[in-house]
Amino acid sequence: MLENQQKLIHTFGALADLGQEVAHKQNFQEMIRTSLHLVLGSLAIMRGGVARYSRFGHELNMLVMRGLGDNFPLSLSLCYEDERQFLANGLAPIEVKHAQVLPFVQIYDRSFESKKIELVIPLIIRDELVGVIFLGEKATGEPFTGYDKDIICAMARHIGVGIAQRNLMAELERRAEENRHLYEDLRTTYKDTVKAFAAAIDCKDKYTEGHSERVGKYTEIIAGELGWDNDHVEGAAIAGYLHDVGKLVVDRNIINSPTRITASENAQLSKHPTVGYEILLPIHHPYADVPLAAKYHHERLDGRGYPDGLHDREIPFIAKIVNLADSFDAMTTDRPYKRRRKSEEVIEDMHRNSGKQFAPELVTAFCRAMLKELTNERKEKRFRKILGKDYLEADKIVPLLKNVLNARNATSPLTFVAAE
Ligand SMILES: [Fe+2]
C-alpha cells in the first residue's frame, strides 16, 4: 500500500508539471499521451485511449491510444442521448457492462468487447463534454475498486482541463485570425475608397487627369526614401491621393479654365485646401495627418504660400512632402496654357527653390530616389511608369541629380555621390 501511495504521489506530481505545458500546441498531444501513460501505469491498466469531443461533428476523435490495436475506431459518433447521459453522469467512471443503455455503447460494443474496455470516463468540464477516456482491464484481472475509480476521476479531471484549455486556445486563435481578416478587409475597403475619391477629384479637371494618383505615388516614394515604416508610407500616400479633395466643391469652369483665371476665381480656387481639411477632419484616418496635408499643401517655406502664409517649421512635415510631390507633377505634366517642362529644368527648379518653397531634405530624398532608379540601384521603375520611359534621360539626368545631391549636403559623407 505504501509503495502504491508513493507511486500515486509521483504520478500527481508529474501531472501537475504537465499542466504547465498544456497551452502550447505542440506539447498538447504529448501532454495527453503522457497523462494517459501515467493513468495506465499508476493502476497497472493494460490499455486505453483518450478522445476529444467535437461539438460540431458530434464525434469523439481519438487523440492517443495505447494497446488498442489498429481496429479500434479512430472516430466514434455520439448522439444527443449519449451527450445528455454523459452530462448527467459527470466525471465518474462508467462501467461498460452496465452502460448498454447508451446508444454509442450499443454501436461500438464489439470494439469495446474485443479490447476489453471496462471503463468509459466522460470528461465533463464546466458542464461541457470535452472528451472521453477509455480504459481496459487491470493487469491483475481484478475489478476496479472504488479507490481506483477515485484516482481515475481525479486524473480524468486533469486531462479534461487540459483539453478544455486547448479548445479555448484554438477558439482564441480562430477569433484572432478572423479579426486579422476583418482588419485586412477594412484596410482594403479604405484604400479603395480613397482611390475612388482621388478618381472623382481628378474627373473634375480634364487637363490634369490622374493628378491625385500621381501625387499619391510621389508622396509614397518620398516617404519610403525617408525610411518611414510601411504603415506611415501608406498613410503618406493616402494624404497625397486626397490632398485636393477640396476641389470637389470648386466650380468646374474655374478648374478647367483654358486661360489664366481672374482674381475672384483664384480666390475661390484658393479655398480648396481649407475645404479639403474640413471634409477630411471628421473621418477617422489610420494616418492622422491626412487632413493636415490637404490644408497646408500650398504653404511654402518662405511664408509666401497659402492659406495661412506659414513659415518653414510651422508647416506640417506631411504637407511639405505633398507640396513637393504636387509641384513636381504640375511641372512634369501638360497644362492648358503650357506644355510640361523638360526634366533637366524641373530638377534645376527643385534645386533652386529648395529652402524657399521646398524643404531641402525632401528635395534630397526625391532626387536620391530618382537617382537610384536611373542607376538601377533600385529595380522597380516607379518614375518611368508615371512619366513615360523617355522623359528621364539617364545620361543627362544622372550627373544633374548627383550635383544637386552634393550641393545640397556637401559636408555629409553619407550623401556625397561621385559626379564621374
Ligand atoms: Fe492643391
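Me: Let's start with a strand pair. How many bridges join strand β5 (residues 119-125) to β6?

Reply: The general idea is that two strands pair if DSSP finds at least two bridges between them. Strands themselves are DSSP runs of E with at least two residues, helices are runs of H or I with at least four, and both are numbered from the N terminus. Here, 7 bridges join β5 to β6, and the two run antiparallel. One note before we go on: this is a predicted model, where local features need pLDDT of at least 70, side-chain atom pairs count only at pLDDT 80 or more, and totals for chains, interfaces and linings use all residues. Residues are numbered from 1 along each chain as its sequence is written.

Me: Okay, and which residues stand opposite each other in that pair? Where does I121 find its bridge partner, for instance?

Reply: The partner of I121 is I133 in β6. Further along, I124 stands opposite L129, also in β6.

Me: What sits between β5 and β6 in their hairpin?

Reply: There are 2 residues between them, and R126 in the turn has a positive phi of about 50°. D127 lies in that loop between β5 and β6 too, with a phi near 60°, a positive value in a residue other than glycine.

Me: Is D127 buried or exposed?

Reply: Count neighbours: a residue is buried if 20 or more other C-beta atoms lie within 10 Å of its own, exposed if 12 or fewer, and partly exposed in between, with C-beta atoms placed from the backbone. D127 has 7 C-beta neighbours inside 10 Å, so it counts as exposed. By contrast, strand β6 (residues 128-135) is mostly covered, with 6 of its 8 residues buried.

Me: How do I read the whole sheet, and what is the order of its strands?

Reply: A general point for side chains: in a regular strand they alternate between the two faces of the sheet. In this model, 6 strands form an open sheet in the order β3-β2-β1-β6-β5-β4, with antiparallel pairing. The edges are β3 (75-77) and β4 (94-95); each has a single partner strand, so one side of each is left without a neighbour in the sheet.

Me: Which contacts hold the order together around β1 and β2?

Reply: Strand β1 (residues 48-54) is joined to β6 by 5 bridges, running antiparallel, and G49 stands opposite F134 there. On to β2 (residues 59-66): β1 pairs with this strand over 7 bridges in the antiparallel sense, with S54 partnered by E59. Their hairpin has 4 residues between the strands, and H58 takes a positive phi near 50°. Then β2 pairs with β3 over 3 bridges, again antiparallel, and E59 stands opposite S77 in β3.

Me: Now helices. Which residues of α4 (residues 103-114) are buried?

Reply: The general idea is that an α-helix has 3.6 residues a turn, so residues three or four places apart point the same way. In α4 the buried ones are F104, Y108 and F112. They cover an arc of only 85° around the axis, which puts them on the same side of α4; that arc is taken from the directions from the helix axis to the C-beta atoms. On the other side, Q106, R110, E113 and S114 are exposed.

Me: What about helix α13 (residues 343-352): which residues are buried?

Reply: S343, V346, I347, M350 and H351. Down the axis of α13 they fall within an arc of 140°, so they line one face of the helix.

Me: How do α6 and α12 pack?

Reply: Axes are lines fitted to C-alpha atoms, over the stretch in contact for helices, and angles between N-to-C directions run from 0 to 180 degrees. Under 35 degrees counts as roughly parallel, over 145 as roughly antiparallel, 65 to 115 as roughly perpendicular, and the rest as oblique. α6 and helix α12 (residues 317-332) pack at about 130°, with axes 8 Å apart, and are therefore oblique.

Me: And at what angle do α7 and α12 pack?

Reply: About 55°, with their axes 10 Å apart. That makes α7 oblique to α12.

Me: Last one: where is the cis peptide bond?

Reply: A cis bond joins Y306 and P307, with omega about 10°. P307 lies in the loop between α11 (290-296) and α12.
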